[in-house]
Amino acid sequence: MFKVYKKLFAYVPERKYLVYVSILLSVLSTFAITGAYYYLYVFFDRLMVKNDLSGSAFYAWVIFGLLIGGHVVYFAGVLASHILGFRLETNLRKRGIAGLSEASFRFFDLNSSGRIRKIIDDNASQTHSIVAHLLPDIANALVKPFLLLIAGYIVSFRVGIGLTVLTVAAAILYISMSGETQFMKRYQQALERLSAESVEYVRGIQVVKIFNADARSFYAQRRSLAWKS
């Protein structure tokens, strides 16, 4: 995964600093929200267990400030990652179009226009989601379990043990549900073929109308080509 991000960020050297800004803000947001959970425990412990109302207003404001501040900082981190994602998407499309302008005629004979459009347009759009949304979420997901475990052991040893068991179980469940990479590879190849054939079909509609043919001619042509190959 990190190799993929390293290759992607090579296309946005002028905005690469936003990677670290987004990760840092996401981690700070995780610290703030975890701190709010801890102070919420302190608040209820003093109020319901110790029956002590002194300082309740202070803890309430601390919890409120940490929650609001954490979400504001997280929003700033997501904003930074979205700016990076849009710039990456634009640069990838520019690089693809520049490559097409230098390609030979043989390249266009071997690759259909639908496949080229899928690679340059659709694949570039998918990189936006990987960078804009997953980048801060991955940083959050890596840091939050450790902070919650630390807070759990501070609250109670039994709470810490319970959170440890839940964390290990969640990790095992995630690994078992991650699936195999070959399936996603076959899925992307099938999607690429579908996109290519769809574009070719739409562009051929005018030919069908000019010669007063019907859509069955496309299927017959496809079967004949497959039989000859």
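This is a predicted model: local features need pLDDT of at least 70, side-chain atom pairs count only at pLDDT 80 or more; totals for chains, interfaces and linings use all residues.
Reader: How is a pair of aromatic rings described?

Author: A pair of aromatic rings is described by two values, the distance of the centres and the angle of the planes. In this structure there are seven aromatic pairs. One of them joins Tyr39 and Tyr59. Their ring centres are 6.2 Å apart, and the planes make an angle of 35 degrees.

Reader: Why does the pair of Tyr39 and Tyr59 count as tilted?

Author: Planes under 30 degrees apart count as stacked, and those over 60 as edge-to-face. The rest are tilted. The angle here is 35 degrees, so the pair is tilted.

Reader: Which parts of the chain does this pair tie together?

Author: Tyr39 sits in helix H2, residues 17-49. Tyr59 sits in helix H3, residues 56-101. The pair therefore links parts that are 20 residues apart in sequence.

Reader: Which residues form the aromatic cluster?

Author: Tyr39 and Tyr59 belong to one aromatic cluster with Tyr38, Tyr41 and Phe58.

Reader: Now the surface. Which residues make the nonpolar patch?

Author: Four residues make it: Leu40, Phe44, Met48 and Val49. The patch covers about 410 Å². Take Met48, which lies in helix H2. Its relative accessible area is 61%, so Met48 is exposed.

Reader: Helix H2 also holds Ser26. Is Ser26 buried or exposed?

Author: Ser26 has 1% relative accessibility, so it counts as buried.

Reader: What does Ser26 touch?

Author: Leave out residues up to four places away in sequence. Ser26 then touches Tyr74, Pro136, Ala139 and Asn140.

Reader: Let us read Thr164 likewise. Where does it lie?

Author: Thr164 lies in helix H7, residues 157-177. Its relative accessibility is 27%, so Thr164 counts as partly exposed.

Reader: Which residues does Thr164 touch?

Author: With residues up to four places away in sequence not counted, Thr164 touches Leu149 and Tyr153.

Reader: What separates the C-alpha atoms of Thr164 and Phe146?

Author: The two C-alpha atoms are 9.5 Å apart. Along the chain, Thr164 and Phe146 are 18 residues apart.

Note on methods. Residues are numbered from 1 along each chain as its sequence is written. Side-chain values use heavy atoms; hydrogens and water are left out. Rings of Phe, Tyr and Trp (its six-membered ring) pair if their centres lie within 6.5 Å; planes under 30 degrees apart count as stacked, over 60 as edge-to-face and the rest as tilted. Helices (H or I, at least four residues) and strands (E, at least two) are DSSP runs, numbered from the N terminus. Patches are made of residues with over 30% relative accessible area and no salt bridge: like charges are joined within 9 Å, nonpolar side chains (Val, Leu, Ile, Met, Phe, Trp, Tyr) within 5 Å. Accessible areas come from the Shrake-Rupley method with a 1.4 Å probe; for residues, only the protein chains shown count as cover. A salt bridge is a side-chain nitrogen of Lys or Arg within 4 Å of a carboxyl oxygen of Asp or Glu. Buried means under 20% relative accessible area, exposed over 50%, partly exposed in between (1.4 Å probe, protein chains only). Contact means heavy atoms within 4.5 Å.
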